[in-house]
Amino acid sequence: MDSISDEGIARRTRGLDRAFEILDFLRMKREPTKPNEIASRIGAPRSSVYELVNLLLRNGILEYADGEGRVYLGRKLYFLGAAYEDHFDFMRECDKVLAQIAAETRETAQFCMLDGNKYTVVRMKEGVRPFRISSDVGRAVPIPWTASGRLLLSHLSDEEILAFIPAGDFRLPNGNMLDPDHFIAEVRQAAAAGEFTFNSIVDSFTHCFAVPVFDGQDRCTATLCLVTPREDGIRNRQHYLDCLKMAALSLHGKAVGPREAA
């Protein structure tokens, strides 16, 4: 009897894991998709994916996006997120801090964390420039592509870093491979300096700044960042870093740890 019960629990657990995999796939793809394509892309049986998609549709977690059967994230997820924010005062405090940074620097300010083994922008306040320099909130990005990635992994050993980052994520947008040893050296450099800045790997016109935000155990669980035009960023480097570090101090000990494996 116990073995039958355990098997049922294991089956439901696998179903929940698969449902979250479907939601994460749609979040990263950022466009409606047919269930058979979802099944193909996540390597799951079509029958299981169709069953779970229908369950998520019935509960408003997914919604039909067109008349051809494509589905996308449902509005109930928005309501769940709104309820989370009402309870989580830290995000409101982050918004105030980002607004202050953007006002002082006139640049786009971001609050960033890990989501699994990827980097993501959690909150953002755009600067006042007439053209837009920013990243999409919630989009998963390979850690080695980012300034924040050099800080967010500083608590891991060299071996843990290599195990944590998928090997393919060291391939940069231009097709070149970033040497993992060079990346690890930059992680150690960033941890010692309490900052990391570089010309963006993703956008040849921007310069990126990141400073750590520590939790109650003095572990970097988030970063405050600026994304600036390259020349302005280099010219105002110290002023921008000072603004970020002062803001990070106001959040010290308040950040909640990200959802990650290590």
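The model is a predicted one, and it holds 16 salt bridges, four aromatic pairs and zero disulfides.

- Strand E3 spans residues 108-115 and is mostly covered, with eight of its eight residues counted as buried.
- Thr108, Gln110, Cys112 and Leu114 point one way from E3, while Ala109, Phe111, Met113 and Asp115 point the other way, and the residues of both sets are all buried.
- Two residues lie between the strands in the hairpin of E3 and E4, where Gly116 takes a positive phi near 65 degrees.

**Cysteines**

- A disulfide is a covalent bond between the sulfur atoms of two cysteines, and the count in this model comes to zero.
- For Cys208 the closest cysteine sulfur is that of Cys225, and because the two sulfurs are 8.0 Å apart they are too far from each other for a bond.
- Cys225 is likewise in no disulfide, its nearest cysteine sulfur being that of Cys112 at 3.5 Å, whereas the cut-off for a disulfide is 2.5 Å.
- Cys208 is buried at a relative accessible area of 14%, and Cys225 is buried at 4%.

**Aromatic pairs**

- Among the four aromatic pairs is that of Phe196 and Phe198, whose ring centres lie 5.4 Å apart with planes at 65 degrees, so the pair is edge-to-face.
- Phe196 is buried at 5% relative accessibility, and Phe198 is buried at 12%.
- Phe209 and Tyr240 also form an edge-to-face pair, because their ring centres are 5.6 Å apart and their planes stand at 80 degrees.
- Phe209 belongs to strand E7 (residues 206-214) and Tyr240 to helix H10 (residues 237-251), so this pair ties together parts that are 31 residues apart in sequence; both Phe209 and Tyr240 are buried.

**Salt bridges**

- Arg75 and Glu63 meet through their side chains in a salt bridge of 2.8 Å, N to O, and this pair links distant parts of the chain, with Arg75 in helix H4 (residues 75-87) and Glu63 in strand E1 (residues 62-64), 12 residues apart.
- Glu63 is partly exposed, with a relative accessible area of 25%.
- Glu37 and Arg41 form a salt bridge of 3.8 Å, N to O, and both lie in helix H2 (residues 35-42), four residues apart, which is about one turn of the helix.
- Glu37 is partly exposed at 30% relative accessibility, while Arg41 is exposed at 53%.
- Asp95 and Arg123 form a salt bridge in which the closest N and O atoms are 2.7 Å apart, linking distant parts of the chain, since Asp95 sits in helix H5 (residues 89-105) and Arg123 in strand E4, 28 residues apart.
- Asp95 is partly exposed at 29% relative accessible area, whereas Arg123 is buried at 17%.

Definitions and conventions. Residues numbered from 1 in each chain as written. Predicted model: local features only at pLDDT ≥ 70, side-chain atom pairs only at ≥ 80, totals over all residues. Heavy atoms only, no water. Buried < 20%, exposed > 50% of the residue type's maximum accessible area, 1.4 Å probe, protein only. Pairing = 2+ DSSP bridges. Phe/Tyr/Trp six-rings, centres within 6.5 Å; stacked < 30°, edge-to-face > 60°. Salt bridge = Lys/Arg side-chain N within 4 Å of Asp/Glu carboxyl O.
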